[in-house]
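Thanks for coming. I will take a few minutes to walk through one model, starting with charged pairs and ending with a pair of helices.

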Amino acid sequence: VVPVLLRALAYDEKRGACSVGANVRDAACYVCWAFARAYEPAELLPFISHISSALIIAAVFDRDVNCRRAASAAFQENVGRQGTFPHGIDILTAADYFAVGNRVNCYLTISVYIAGFPEYTQPMIDHLVNMKINHWDSVIRELATKALHNITPQAPEYMANVVLPRLLPLSVGSDLHTRHGAILACAEITHALCKLAQENNRSVTYYFTEKSLEGLKQIHQELCSRQLYRGLGGELMRPAVCTLIEKLSLSKMPFRGDPIIGGWQWLINDSLRHLTLVSSAARHHIKECAVSALAALCNEFYINERGEADPALQEELVTQYVSELQNSEEMIRCGFSRALGALPRFLLKGRLQQVLEGLRKVTVISPEDMSFAESRRDALIAIAKVCQTVGVKGDGSQQEFVCRDNVDHIYATLLSGVTDYTTDSRGDVGGWVREAAMSSLMELTLLLVQNEAELLNANVCKQIMCWLAQQSAEKIDKFRAHAGSVFLTLLHFDHPPVPHIPHREELERIFPRWEQEMLNWNAASEAFPRITQLLALPAYQYHVLLGLSVSVGGLTETTLRYSAQSLFDHMKTIQGDPRALQGFCETLLKVFEDNLRNDRVSVPLLTMLDQMLANGCFDIFTEQENHPFPVKLFTLCKEEIKRSKDIRKLRSSIGVFCGLIQFQGDMREKVFFQLFLLLCHPFPIIRKTTASQVYEMLLTYSHVVGTATLEQAMAILSDTNW
């Protein structure tokens with residue numbers, strides 16, 4: 001029975017897109033559990049080593065959590081009842097029922113601990129090589145190769161002399177999944193062996209034979225000659241070989257000057273250039289692997305003894321990458337933007353201005369590439385990475401450092417990203433750009449503060465904090481949370497503090513340091529009561545109000561409720577302060593004026609004004625005849641809806657006009673005239689809504705017309721089929 005049981009514990013058969021082995025493996029674990037209860041320890045003794053290894057492998061490396069837990073329970077039962085399983089108690093402590101619930105933890109942490117016991121080391125390695133690197137699930141294949149990397153120090157000779165020679169033929173074999181797993185396994189094992197050799201002060205090639213080194217070099221050439229980078233298989237091969245390139249470069253393999261370096265460079269460039277031809281699911285992974293491989297390859301093989309790059313190679317590489325930034329395909333721009341961001345300092349030296357200018361052009365929105373939000377995002381990320389790579393030197397050359405001559409241009413590019421509100425069929429894609437711009441602004445600012453803070457001018461600091469405050473008041477939880485986090489990071493940074501932050505003391509009081517980790521920006525109920533307090537600070541008032549307009553006039557109920565309530569609470573606090581109220585109203589009118597015909601802001605702003613008028617936020621102005629605030633507001637509303645066919649905008653404006661009727665003076669007649677025009681609008685829904693709201697308005701503000709006229713008007717409004 002035992003040989004069948006051992007096969008059942010590792011049984012896995014793929015049918016279609018799923019596997020049918022999980023039930024068999026679960027049942028086999030139950031049989032092992034039953035064995036512990038059915039037989040005496042002496043009867044099971046000859047089979048103990050095989051059963052214990054098989055159960056450990058199932059408990060740590062099985063794909064399904066119920067099988068891992070079943071194997072752990074069976075192992076625990078055997079340890080308790082049989083008492084003959086090697087290192088049973090120690091293993092149970094690490095691999096109990098709950099610990100094996102997390103698959104990544106099993107593969108990368110628990111497996112390393114158990115492999116430290118010599119009885120289990122080789123069976124675990126053999127299982128990973130024979131059963132897991134060719135698994136049908138790519139996640140399992142990748143985890144298995146990382147596990148092999150972590151286990152390598154336990155058995156380096158076995159890995160170098162047995163496992164690696166077995167994997168090299170598989171890495172150029174015919175089966176796609178096996179080939180993918182074998183290439184990744186070769187990369188991880190090679191890197192682990194080289195690290196081990198360096199730690200022991202040995203040559204990096206200490207564990208490798210000439211044949212193994214040649215085999216590692218041949219992988220790319222063999223795949224290329226057999227055209228295995230093409231088609232669907234290429235989506236697995238490209239990132240796998242890029243990972244191999246990265247690991248061999250990090251391992252400092254003695255391939256300098258070898259023709260294979262040119263082949264590897266070709267693969268990286270080709271992968272970035274053909275991102276548009278792969279499926280959207282694989283694009284990001286291929287891009288990340290290619291960029292990581294490029295960074296490692298350049299750092300190891302393109303630098304000479306003097307720490308410089310070959311001028312001809314630098315010229316070719318940088319010029320080629322910068323020229324690709326203006327490609328008509330968005331994904332190619334993305335790939336080469338990130339590639340430029342990954343280049344080491346010696347390749348950017350003397351070329352910094354060319355690289356930054358190329359990336360700046362990618363961030364500019366033009367009619368042809370309006371929807372290229374991902375390329376703008378990646379360019380902004382790359383600019384921050386390039387700045388961190390080259391470092392800061394105030395009086396240095398703008399071709400080599402972030403310095404006085406170029407810092408303002410860099411900030412202007414990053415700040416332009418915060419204003420990207422592009423939308424397409426995918427929704428608010430500009431949000432990706434704003435998020436990247438905020439992160440890049442934070443990274444650059446902290447870099448300058450820690451090195452040469454005098455390069456930061458007060459105006460730039462004010463702009464950064466104001467834009468972050470605006471983003472912290474907007475409606476999308478994810479971007480609001482990111483903006484809030486960046487805002488507090490800059491505010492509370494201490495090594496040294498960021499200079500020129502407007503109203504720092506008041507901000508420290510609103511956002512105490514001890515609450516930085518606890519404040520949940522994702523929750524509207526926590527974020528808006530804090531952010532609306534910034535309305536009392538003149539420097540932030542305009543931007544916070546602009547952000548709040550979009551939230552208060554939005555569609556999401558929780559955001560709307562808490563943002564509106566916080567705004568009304570603030571309005572109550574300034575009712576007794578005419579100067580503060582006057583300042584708020586001027587700012588509100590300026591926000592409206594600056595965003596006339598900008599539907600992203602003006603439509604929710606009209607909705608917000610409707611709510612504010614209905615809540616009596618401006619009641620103090622009703623006592624004064626012809627107050628300039630309602631007059632200016634009426635003019636702006638009238639201008640906003642002129643020749644508009646936007647139903648939502650027109651309906652929002654009706655509420656504002658009805659609210660403006662409460663103010664005294666000549667304007668009241670104009671408001672009535674505007675409402676009568678809307679009653680005659682070509683759209684039935686607008687006529688009906690206007691009639692309904694005018695009816696409610698006359699009920700609320702009955703004093704604005706005579707009694708006889710009021711009754712007649714209300715009769716017409718209620719009886720007519722609008």
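Let me begin with R426, which counts as partly exposed at 43% relative accessibility; buried means under 20% relative accessible area, exposed over 50%, and partly exposed in between, with a 1.4 Å probe and protein chains only. Before going on, this is a predicted model, in which local features need pLDDT of at least 70 and side-chain atom pairs count only at pLDDT 80 or more, while totals for chains, interfaces and linings use all residues. Residues are numbered from 1 along each chain as its sequence is written, and side-chain values use heavy atoms, leaving out hydrogens and water.

What does R426 pair with? It forms a salt bridge with E374, and the closest N and O atoms are 3.1 Å apart. By salt bridge I mean a side-chain nitrogen of Lys or Arg within 4 Å of a carboxyl oxygen of Asp or Glu. E374 lies in helix 20, whereas R426 is in the loop between helix 21 (407-417) and helix 22 (430-451), so the pair ties together parts 52 residues apart in sequence. Helices here are DSSP runs of H or I, at least four residues, numbered from the N terminus. E374 is buried, at a relative accessible area of 17%.

How many salt bridges are there in the whole structure? A search finds 39. Another of these joins K287 to D378, with 2.8 Å between the closest N and O atoms.

R513 is partly exposed at 35% relative accessible area, and E508 is partly exposed at 21%.

Now the helices. The axes of helix 22 and helix 23 (residues 458-472) come within 12 Å and cross at roughly 145°; axes are lines fitted to C-alpha atoms over the stretch in contact, and angles run from 0 to 180 degrees between N-to-C directions. Which residues make the contact? Helix 22 supplies R434, M438, L441 and T445, and helix 23 supplies I464, L468 and Q471, contact being heavy atoms within 4.5 Å. These residues divide into 4 nonpolar, 2 polar and 1 charged. Ala, Val, Leu, Ile, Met, Phe, Trp, Tyr, Cys and Pro count as nonpolar, Asp, Glu, Lys and Arg as charged, and the others, Gly among them, as polar.

Definitions and conventions. Helices (H or I, at least four residues) and strands (E, at least two) are DSSP runs, numbered from the N terminus.
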